[in-house]
Amino acid sequence: MSLLDAAGIMTGDIWCNGAFSFESPLKDLLESGEYTLEQLLAEDELLQELRGVHPQLIEFFATEQAVTGLVKYVTLPPDGNLPSNAEGEPPSIPASSSMVSESLGDEQVKEAMDVDNEKTDAKPETEEDQNKEAGEAQDGEQAQKDAVFVRYPYMACEVICCEVKGIVDTLVDGYVPSDTPEEEATPAPESTTDQDGSNEEIQPDNRTAILDLLFDMLYDSEAGEIDDYRAGYFDKILSVLFRKRPQTLADYINSGGGKGQEVLMKAMFKHLYSHSIMQVLQRLLLPQPPLPQKNDDEDDDEDCKEGDELLVDPLENADYDGYVAFRCSWPNSDVALNMLLDCLIEKSPYPEIEGDEERRLSLYQNASEILITIIQNTPLSAPILQTLTTDPIMERLVKAATTVDEGESFSPHDSRQTCTMNVLESLILQLGGYGSVGMMYPEDEEDENGSNDENNEENKENGGEGSENQYGAMPENIATPETLIQHLPVMLSNLQHLLQCPETATWTSLMQF
């Protein structure tokens, strides 16, 4: 017993004695037992309580209906219609919302959301009263739009990104609940009995997966229609799924989400003007790092083991095995590479954004950044580098980087030419051995009779290319600068014409070189 308890000054927990009692609208709302998704998203304490593993909140948000509502708010267009509830009415905005309470009082919000049939037919006595009522109605409508199109999408994304296992699993494995009587009358999943006696449920094909609902934003929106907010929410949610459910997400993307891999590629590349979509595509197109070989030799020194621990990433997520990481098939796809090159080289890859110079430049810059990242992190023995360093792709890169199309001027600022020049520069550095990744090709295994050494000696005597180096046997298929050397005369001639363009005479720079 403490001295304070013995003196009768304080008993029990300090948080339970009433000295620190705070009003909690969220607690009162949960205790009432009657609340909606919109009412919870309007509370400022929601994220704190959800990260604190509140059981009642986790049980509510882990349902398919709640996760579907979250995804609908995340993908809601900023100029779209207000989402309706089951009765066809817009969702009500609770007065506890901080966004609404800052602009309006409780009585003003209530008056702004009244039904029309409750209003009397009597006209206001004066023009001042009429203007006042019109202003209050307009403020209430604006507050409602701010809550639905700003606060609710942000809070919905943050709820999903709290990385609660039940919410993430429902997002990946769940289906959109049926709302109409016809859909409710759909036959229940049939169960089949395997040979081992286990029952396996067969899900009906007409149900929509919640993950499909998230990716539908890419299909349904034309190029230039996805704003930065929705693209950022999409990128942030996929970042969580990359860490928490890498294998399931890889299978979903490799299969094209049920619509085909090429269809999904087209849907993503047409929104490459967005920096957030560029981040997603960069993860999907990066070459896969080689899986580390497990060393079964138990006679290693302790110093070697301590050195190996330094190579382990401390930020590596422990929710999945490192050997079963995210493995996407897009880096080996020629279709994805050609789509990426079209975004960089083609003058107008998407007519929808042809008149928007800012988004066109962002499209070129993002495509250039992805290509540079791929080149710098890919060994010369990779097939993608062999494709980039041979015709017709090398010819397209040289032409786009060193020529000016008809009707265009040579600009000193960022343009399609400068973005292509950056890709060509990175490719030249990688071919010259100045890339971020070395050769990285495996050593030939040596058999018991030492036949590998004998073959290498024979190759050396015959002048063959199979001689060993410090990395092992030299592979036959690697990216070489031969094609680039063939284009050097044309490239140097085109660069000379660029420097002699009339536009360059008016260029000024405040920097002294």
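Start by selecting Ser333: its side chain reaches the backbone nitrogen of Val335 at 3.3 Å, a polar contact (N or O atoms within 3.5 Å, one able to donate a hydrogen and the other to accept it; residues adjacent in sequence count only if both atoms are side-chain atoms). Ser333 sits in the loop between helix H17 (302-310) and helix H18 (334-345), and is buried at 14% relative accessible area. Buried here is under 20%, exposed over 50%, partly exposed in between, with a 1.4 Å probe and protein chains only. Helices are DSSP runs (H or I, at least four residues) numbered from the N terminus.

Before moving on: this is a predicted model, with local features needing pLDDT of at least 70 and side-chain atom pairs pLDDT 80 or more, while totals for chains, interfaces and linings use all residues. Residues count from 1 along each chain as its sequence is written, and side-chain values use heavy atoms, leaving out hydrogens and water.

Next, helix H12 (residues 210-220). Nine of its eleven residues are buried, so the rest of the structure largely encloses it. Colour the helices that its buried residues pack against, among them H6 (64-74), H10 (165-173) and H16 (275-285); contact means heavy atoms within 4.5 Å. Tyr219 is one of the buried residues, and Lys259 lies over its face, 4.0 Å from the ring centre (NZ of Lys or CZ of Arg within 6 Å of the centre and within 35 degrees of the ring normal).

Last stop: Tyr35, Phe60 and Phe61, one aromatic cluster. Ring centres within 6.5 Å make a pair: stacked under 30 degrees, edge-to-face over 60, otherwise tilted. Phe61 is buried, at 0%.

Technical notes
Helix = DSSP H or I, 4+ residues; strand = E, 2+ residues; numbered from the N terminus. Phe/Tyr/Trp six-rings, centres within 6.5 Å; stacked < 30°, edge-to-face > 60°.
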